[in-house]
Amino acid sequence: MANRAVPQRPNGQTPGKICQFKLVLLGESSVGKSSLVLRFVKGQFHEYQESTIGAAFLTQTIHLNDVAVKFEIWDTAGQERYHSLAPMYYRGAQAAIVVYDITNQDTFERAKNWVKELQRQATPGIVIALAGNKLDLNTMRSVQTDESQTYAYENGLMFMETSAKTSANVTEIFKAIAEKLPKNENTNTAGQGRRLVDSAEGSNKSLSSCCK
Amino acid sequence: MDEDNKASKLAVDDNEGAGVSNYEQRSACISPASSQGGIYPVELVENFGLNIHRIDKDVQRCDRNYPYFTLENLDKLRNIICTYVWDHLEMGYMQGMCDLVAPLLVILDDETLSYSCFCLLMERMSANFPHSGGAMDTHFANMRSLVQILDSEMFELMHENGDFTHFYFCYRWFLLDFKRELLYDDVFTVWETIWAAKEMSSSHFVLFFALALVETYRDIILANHMDFTDIIKFFNEMAEHHDAKTVLSLARNLVLQLQTLIENK
């Protein structure tokens, strides 16, 4: 569709520029990936959000000054067993949110592995944000803010602690990513980020094909 | 033609995997966790512990909007999956298993019966899960052949949008026998039809139901020139809003169409 990149609700203003970005959510199962997306896209929260099978695709547009930034969001399944599907979804992504649960140290370790994999295999220059989710469970925290902050700083990641339940920092993290993404003419080709490849190709060849 | 040969296999009843031989296969394959007395190795216990942790995370968020799933009944669900995983530790727990147990438990309301049914169901379904047989790729390839033969216009569109041909938008359909796409009452009807079709018309009825789902919305898909992401989003949003009876009847017609096509060759 030729008009794909036009935001559904331009709020009466004439949109100056429309940028479209592919964003992928990664992280251990049950850390709140789908809940973050559901909060950001629909403003909803389900206490018992069911597990994601395969992947879900949603879109949301936000406005930064005169630029409309449209996120094409791939929400992935978290369980390790579905890891082989992930390259298909992060390949070609301009941004990623790697999510962990602040009450669970293991999920933070898993997040670090995702960051490593993205830095090795995803699009060079991909903007990666680390999200410590479930901030509403602060009293049960096991991952300290300092620890994540330092890790994020050392690895060049953006970092925020979020709560899909209370909506703390949810819009903020997407907005911060939108601000960081390059908005020149080359990056807003509609449909550029929509390509998928089969998982084998994605995991083996992504680096070489992305470096061209 | 190659495509026709592939397709003709889908429309005939094949008797591979009749109950008895499958049962023998299963009992011959003794899990490392089988109760044979003695002391369990630490790794085995740790492995099972990890699995229980994963099971717990998913059980507590399984169909909680459905009134049947009180804490008491969620416990039954957990018992069934833990027992299955204990007997299949090499496979382990995989996301999606809860969805396959849930309808069985709701309709049978009996932990032991549901467990037995789940074991039999998994004889067919386990190959769809990652790292256990690659049946998903076969489903996608079969879908591709069916679309090519039965709806060339749709195939043309899919060909244009190269990614479409991977058929990943069907992933959840095949993994869960459409459980997430339909309301419970319809899940029962569709599952029974899939099981009965194995004896009556085609042991690949899932493919025809999947094709019927696509065909139900073909005009919308074609008119909007949907690509892979459009269609995955479309079907995510349509979940639990399908008219299952109409889709089922279309699926039956598609089996007939293919059979007629083959007979007339």
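Predicted model: local features only at pLDDT ≥ 70, side-chain atom pairs only at ≥ 80, totals over all residues.

Reader: OK. Which elements each supply at least two residues to the lining of the second largest pocket?
Author: From chain A, α1 and β2. From chain B, α9 and α13.

Reader: What volume does the second largest pocket have?
Author: About 1,100 Å³. The lining has 45 residues, and those closest to the pocket centre are A:Gln49, A:Glu50, B:Arg172, B:Asn236 and B:Ala239.

Reader: Which element gives the largest share of that lining?
Author: α13(B), with five residues.

Reader: And how do the lining residues divide by class?
Author: The pocket lining has 21 nonpolar, 10 polar and 14 charged residues.

Reader: Let's switch to the contact. How many residues does it take from chain B and chain A?
Author: Chain B gives 34 residues and chain A gives 33. In chain B, B:Arg61, B:Gln95 and B:Arg180 lose the most area to chain A. Together they make up 22% of what that side buries.

Reader: How is the size of an interface often given?
Author: As the accessible area lost when the parts come together. Between chain B and chain A, the buried area is about 3,000 Å². Carbon and sulfur atoms give 48% of that.

Reader: How many salt bridges are there between chain B and chain A?
Author: One. The side chains of B:Arg180 and A:Glu50 meet there, at 3.7 Å from N to O.

Reader: What lets side chains pair like that?
Author: Side chains of opposite charge can pair when their charged atoms come close.

Reader: How many salt bridges over all chains?
Author: The structure holds 19.

Reader: Back to the pair of A:Glu50 and B:Arg180. Why does the pair join two chains?
Author: Look at where each residue sits. A:Glu50 lies in the loop between α1 (33-42) and β2 (55-64) of chain A, and B:Arg180 lies in the loop between α9 and α10 (184-200) of chain B, so the pair links two chains.

Reader: How many residue pairs are in polar contact between chain B and chain A?
Author: 10, counting pairs with both residues at pLDDT 80 or more. On the side of chain B that touches chain A, α3 (42-59), α9 (171-175) and α13 (228-238) each supply at least two residues. α13(B) gives the most, with six.

Reader: What classes are on that side?
Author: The side of chain B that touches chain A has 11 nonpolar, 11 polar and 12 charged residues.

Reader: What lines the largest cavity?
Author: Residues from chain A and chain B. A:Glu50 and A:Ser51 are there, with B:Arg61, B:Gln95 and B:Arg180 among the others. By class, the lining has three nonpolar, three polar and six charged residues. A:Glu50 and B:Arg180 are also the salt bridge partners.

Reader: And which residues line the second largest cavity?
Author: The list is A:Gly54, A:Ala55, A:Thr76, A:Ala77, A:Tyr82, A:His83, A:Leu85, A:Ala86 and A:Tyr89. Six are nonpolar, three are polar and none is charged.

How values were computed. Residues numbered from 1 in each chain as written. Chains lettered and ligands numbered in written order. Heavy atoms only, no water. 1 Å grid on protein atoms, 1.4 Å probe; cavity = no way out; pocket = protein on both sides within 12 Å on 5 of 7 lines; lining within 4 Å. Nonpolar A, V, L, I, M, F, W, Y, C, P; charged D, E, K, R; others polar. Contact = heavy atoms within 4.5 Å. Buried area = accessible area lost by both parts, 1.4 Å probe. Salt bridge = Lys/Arg side-chain N within 4 Å of Asp/Glu carboxyl O. Polar contact = N/O pair within 3.5 Å; in protein donor to acceptor, adjacent residues only side chain to side chain. Helix = DSSP H or I, 4+ residues; strand = E, 2+ residues; numbered from the N terminus. Points joined across faces, edges and corners; volume = space filled by probe spheres on them.
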